Every structure is written in C-alpha cells, then in structure tokens.
Amino acid sequence: MVEKKAVDAISGWMPVPEGRLVAHSPGRRGAWHWYEDHARGTGELAWHFAAPWGGGELAHQLGRDHDTGKGACAWQDGLIEEATTGRKIRRPAHHAAGAFLFAQAARQHPVLTPFAGVIEGHHTGLSAWSELSVRLKSLMRDPTEANEAISRVAEVMPEILDNTCPAVPDWLDPRNKTSVEMLVRMTYSAVVDADRLDTASHFRPGPPPQPDVSMPELWERYETRRQEALAERRRLKEPSWLDKLREDVYQEALDTAAGEPGVYRLHLPTGAGKTFTGGGFALRHAALHGLRRIIVAVPFISITEQNAAVYRKLLNPEHGPQTVLEHHSAVNFEASARRAARPSSAPGGTRRDQKRARSNRWAKLAAENWDAPFIVTTTVRLIESLFGNSPSATRRLHRISNSVIVLDEVQALPDTLLTPILSGLRELVEHYGVTLILSSATQPELAALNPWQTGLPQRDIVANPAPLFQQLRRVRYDWRTGSEVTLKGIATEAATHDQALVVVNGTKDASHVHKIWLGDRDENPSTLHLSTRMTGGHRREAIHAAKQRLGAGLDTLLVSTSLIEAGVDLDFPRGYRARSLPESEQQAAGRINREGRRPTEDSIMTVFEPTDGLQPQVIYNRCGIAAASRRFGKGLANPDDVDTLRSYYQHRYRLQAGRSSTDPNGATGEAIEALREKLDYPETARRMRMIDNEHSVAVVVIRPQLDQHDRQVAQDAIEQLRSGVPSPETYRTLQDHMASIPQREMDTAINAGDAAEIAGDLYEWTGPYHPQRGIEPAL
C-alpha cells in the first residue's frame, strides 16, 4: 500500500486513515466516499426498489456486495493516487470478487447462480450465461485475487462473510427460464440504479427535487382540470354530438377502471378521445389499486411530444418539480466509456481522454431512470428497457413494477419481435404488479399468438366498440393504382386543393413532394413538411402551424411520413396515403374530417401506389402486405372495417408463427425467445433493437431559427454533457433539439465534419439544416 497520508496531503483532502476503504474519490465537499457507506447504502436502496415483487432480500445482498473487488490493495492504491495527483491510473477490474462471493452463497440454491451476473456486469452490462458460467468456474479454480479483496472488505463489513443464500420470490418457478431471465433483469436494474443514485448523491449532495404527489391526488388534479377545460370549451362553442360521444366513452372507461389489475384493451376509432380516455382510466385505476406510476409508450416521437404536452397541462403543478417526464432520447454511454479508456498518442491526448472519461462518468450517473409519477416515452425506449443489457438502458426497468403501462398505437409493435414482447409483458402483469392497456383504433389480435393464447384474459375498457366505428366513419376511400400513378402526379393533384394532407412511406419521398410544391422558392408558409429529420421543437412548430392555418381556413398543404398517423390532432378535408398496411391507412384517414364537420362523401382519402415512391413491401411486414392484399382495396373492404381487420390480423400472424428468424418473410421472434431461455442477454438485446425504419441515430441540432435564449440554453446543455456535471434535466432540455438520421448518413457526416461528438454516441449536427425540411436525405 502507498503512504496514504503523504499522498493525501498534496490535495488538501482529508487523508484516508489506516483500516479504512474508499469507494469513490472526494466529492464537492472534499470528503472521500467510504466503502462501507456506499455498499450499505446501495444494498438498502436496492432492497427498497425490489421489495414490491418479493426480491428485496436478493437485491440487497447483490447491492451490498457489488463493489467487493474494490477492497484489493491495487484498486485502493490506484484510486487514491489518481484522486490526489490528477493522473489517470489504470486500476484492476472490481467486478469479479463480488460475483465470486455471491456464487459461493448460491451453491445452496443453484437457480440463483446466474444472478452473480448482476455484480459481474454492473458497469459493463449483463453477460450471456454461457460466458458467465465459464468465468465463474475459473474463479472457483483460482480465487486468490478475489479472496484478497473479500478479506479486506470483511474487515470493515464483516457481514459479507455470513454466506447465506438470499430468498427468491415465492412465485418463481425455476423451470420457467424466461421468468428467471426477467427476474435477473429486474434485480440488475434495481442494483444498478441504486449504485448510480448512491454514487451521484456523494458527488452531488442533497436530494434531487421530486414531485410530492400521491396517485389519488394526481387523479383528482387530472379530472378537475379536464372538467375545467370542458367547461371553457362549452362556453366558447356549443357541444357537438361528437363531444357527447367522447364524454360517454370517457365515463364508461372510468367505471371499468375499478376492475382488477391485468390486461385491458382500449379499442376506439380515431377521434373518439383515446388520449384523454386512456389517461383517465390509467390514473383512476392506479389510484384505486395503489399503483405508483403511469408509463405511456407511443411509437413515434411526434406523439410523445403531443401527448406529453396534453398531460403536462392536466397534471403538472403550477410551481415546483414537474410531474410529467417526457423521455425519448437515448445515448450509449458504455460505447463512450470504451473510447475514453483507450490510450491516446496525440499531443495532449491524455488530458482530453481524462476529460472525456470524467464527462462520461457524470453522463452515466445522470442517465434517465424514470423517477417520476407520469412518464411519456416511445415504444423503442420501453422495449429497450425490457430487453436491453446495458446499465444505462436497464437501470429504469425496476420503475415499471406496480405501474400502469399504456401501449398506445399497439398495432405498431413489429411482428418480428412480438413473441418476446408479449412474453415479457405477461411476466410484468403476472409477477410485477403491472396493469397493461393496449390502446388503438386498429386492435391487433394478440391473443392469436402463443404467449397470450391461454391464461391471460383481456378485458375491454369500452365493452362494445363496433357501433362507435359506424358512428365515427367520416371519410370515403378512393383507391388509385396503375403505371401512371406517381409522387409528382399526386403532389400536383393535392396542390389543386386549398387544404390537403399527403402521407408517404419515407423521408426521401416526403422531401421530394415538398420540393415539388415549393418549386423555385426556398420556403412557403402554406406548404409544410413533417419527418423525424426535423428536431422535436421544429416538428411541434410545423404541427402547430398546420393546426392554426387549418382553423383559420388558410391554404395548407402538408406532406408527412407515417409519424403523423398516430394521434397527431389535425383535421384536413382531403387526404392521400401511399399504399401501406391497412392499420396505417386507417390512421392516416383519422386526420381527414377528424371533427366530423363535413359530409363523409366529400371527405376523401385516396390510397395510391406510386411507381416512383418507396414500395410498402420494402419497409412493411411482408406477411402483413400479403394478408392485406386479399382483403383491402378497390372492390374489397376498407381499412376501417372492424371484422375484416380482425380476420386480417389472424391471417397475418398465422403466416408467420413458428418460422425461424432466417425466413425472409420474418417471424414473430420465437428465436429470440429461445435466446432468453438461454439467458443470452447481449444477443437478445441486439436482436430486440427497434429501429424506426431507416432512422437510427439521434443528433442535436441548434437551428439558426431559434431565438438567442433558446440557442444559449441548448448550447449550455451540450457543454454540460461534454465537460460539466449533467443531470437528467440536461438530456430533457436537449430533447426539443434532437432529430434522427440513418447511421450510414451519420458516418458520412462525421467524416465530412458535419457532426461533432457530445457524449457517448450522441452528436451535434453542424451541417446544413433546411428551414422547413430539417436535415436533408442523402441522394
């Protein structure tokens, strides 16, 4: 051991007394983070997180022992020297000793042995059991280094030697491998979040501001403000038949909310008020059953922005911590950590690497953990939380227990992942106190798939939705096919109308249509564009502009990708939709004559097949296209035919169920479920990645159109991420400034100097940004 007192005197920090162990370098107050304080604090917090599902004792022991490897002399000396000299010191890994200690205790109950992976991967991610078991056997053969660390930690924490085997939840069946797999995930989440929070509290003392509100109070606030909004609307305008229908639906949902936790379906046609009804049901159900959180997951970022705005207005307090958290961005901090650890031969490289490593440490501590009572997120983030294996993705998973999950636009779940998604959701419902709401105007027949075929009842929030679809049929479909149908022809025809919506299958097609409308002009306020190549704030401005122009009766042409289809509240008299799947076509039609103010015969939705546009079989499920082609189209059923939709979904799933993952027509993810049974966490995470068609990389854009204040706030947040001490609020600040582009375009942009690294795999876009279209597609 180095001479601690002499070294510590250099820094002016309190010296480390003989016999004491440290877990982290001194924080702002100059005090070391003593090992036993961190270990016990993490264990107690992990117990608190895991207790709701009966895993408190297991999580406590794993949390208490997760840093046992830090007891090694080499690790202690390295941290002290690094903290006091400022030089980056390579310290030995500290995950093996705790994993070995737990594996020894787990000999009494072999089903627990894989939980050693919680400790082994608390910084790097959950490993595959096939690899972890090999490493554990190696440790058993030669435990010399592990025993050194264990014996030194035992001097300050003798309880680690009790060698007791923690209890598992009484519902766990060791023969059910996917149940074991999910319990490992949940326990890992509890321990990782506890570790990060205890560490952050050392470096940033003082509790973070949290909303001090119970779920019954939240429900009461929601209903009071909703009633006030309705009263104001009635004051300004006489209620219509549609207003009464929506209120009847809402009241029926509140009655159903008294039912027992489980799986519920909210099957309502577009325009029937799913957002308000789903929120009201979820809040009242949570208040009645003592649930602690609402998580609304939607398929597109545009809907998180719109829905979050609705819920913020109804739920956020006038002052103090906000109740509604909007979360849709993700940064891979583990990738950044690996880059930061690489030695640099460039002049000054060591200093830059140290700065990046410090920034990355804070970035990981500040990663989003869903510590709020009402979450609005994307389906991608929810599935990433359920099936990822990295610490930053997984740390929020335990927050899902004892919550209501609203899966909005559930039809957008990818067929190729349905088996593991449904299996995982069933675990949450049966063992983790979750109530699941499946919300859509086009309800898929999920009970036709294996994980939900038996023993999992689904109850309808609105008992008989079929008549509602008849009452709310507000468009007439027109089908357009043939070699003469082109994007240019459709764009030209749409421009003959004062107000029209065109929905296409990709960002290149959207850009093409918008350019046709603009002609020689750079901008035109009457021609609007919407895609994820625009930042969140830019998209919101475009939607607001369209709504304002439509309401004022001004000329309005809007071209959009499919992101407009799920819940964006616009009301056009005329619409065009490039051929896709029937659920998508029906969702697009929901933006036409939305409020029912025009005759149905005059409200036309044209479904067209452009010969020069992106074809549906390229981006949509092929089995879905095959099943749809037999049922929907000219001379066949329309996309809003409920009975035909039910038949279509059943046929679509039959075409895929049981197929291997190599089948070009896809499958429903049976091969991934087999990986889960093998406890192969990295490969499961890789295969479960949900990427929205061509979009995969988030970039931060500070638009030239922003005012000086907004530009400065965004720039400050970027700088905090690069070199400061960010918090979850830092990422939330940047969400308004994030757009998405394909990975291949990002690689090109980095090489061209059009993108600069911020943190992890998050980059700032410094290249061209069109004032209406955002980041232009590559040619």
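In the protein chain, in which helix is confidence lowest, and in which strand is it highest? Helix α14 (residues 333-341) has the lowest confidence, at a mean of 43, and strand β11 (residues 499-503) the highest, at 98. Here pLDDT is the predictor's confidence in each residue, from 0 to 100, and helices (H or I, at least four residues) and strands (E, at least two) are DSSP runs, numbered from the N terminus.

This is a predicted model, in which local features need pLDDT of at least 70 and side-chain atom pairs count only at pLDDT 80 or more, while totals for chains, interfaces and linings use all residues. Residues are numbered from 1 along each chain as its sequence is written, and side-chain values use heavy atoms, with hydrogens and water left out.

**Confidence along the chain**

The protein chain averages a pLDDT of 86, and 88% of the residues score at least 70. Over residues 333-360 the value is below 50, and this stretch has 40 contacts in the model beyond near neighbours in sequence; contact means heavy atoms within 4.5 Å. Residues 2-11 also stay under 50, with 17 contacts beyond four places in sequence. Where pLDDT is low, the predicted coordinates should not be read in detail.

**The seven-stranded sheet**

Let us turn to the sheets. Seven strands form an open sheet with parallel pairing, in the order β5-β6-β4-β7-β8-β3-β9; two strands pair if DSSP finds at least two bridges between them. The edge strands, β5 and β9 (458-460), each pair on one side only. Direction ignored, neighbouring strands of this sheet are turned by 20° against each other on average. Helix α16 (residues 379-387) lies across β4 (293-298), β5, β6 (374-378) and β7, and runs at about 100° to β6. Axes are lines fitted to C-alpha atoms, for helices over the stretch in contact, and angles run from 0 to 180 degrees between N-to-C directions.

Within this sheet, β7 (residues 403-408) and β8 (residues 435-440) are joined in the parallel sense by five bridges, and Ile405 stands opposite Leu436 in β8. Apart from neighbours within four places in sequence, Leu436 is in contact with residues including Gly262, Tyr264, Leu407 and Trp452.

Leu436 is also among the residues with the most contacts inside the largest nonpolar core, which has 103 residues. Such a core is a set of buried Ala, Val, Leu, Ile, Met, Phe, Trp, Tyr and Cys residues joined through side-chain atoms within 4.5 Å. Helix α9 (residues 177-203) gives the most to this core, with ten residues. A second, separate core of 38 residues includes Val213, Val249, Leu268 and Ala286.

Strand β11 pairs with β13 (residues 556-560) over five bridges, where Val503 stands opposite Ser560.

Asp571 is found in the loop between β13 and β14. With 12% relative accessibility, Asp571 counts as buried; buried means under 20% relative accessible area, exposed over 50%, partly exposed in between (1.4 Å probe, protein chains only). Its contacts, not counting residues up to four places away in sequence, include Leu550, Arg591 and Arg598.

Asn316 sits in the loop between α13 (301-315) and β5 (324-327) and is buried, at 7%. Among its contacts outside four places in sequence are Arg221 and Arg225.

The side chains of both residues reach backbone nitrogens, as tabulated here.

| Side chain | Backbone nitrogen | Distance |
|---|---|---|
| Asp571 | Asn593 | 3.1 Å |
| Asp571 | Arg594 | 2.8 Å |
| Asn316 | Val324 | 3.0 Å |

**Strand β16**

Four of the five residues of β16 (residues 697-701) are buried, so this strand is largely enclosed by the rest of the structure. Strand β16 pairs with β17 (residues 738-741) in the antiparallel sense over four bridges, with Ser740 as the bridge partner of Ala698. Three bridges join β16 to β19 (residues 762-765) in parallel, and there Val701 has Trp765 as its bridge partner.

Methods
Polar contact = N/O pair within 3.5 Å; in protein donor to acceptor, adjacent residues only side chain to side chain.
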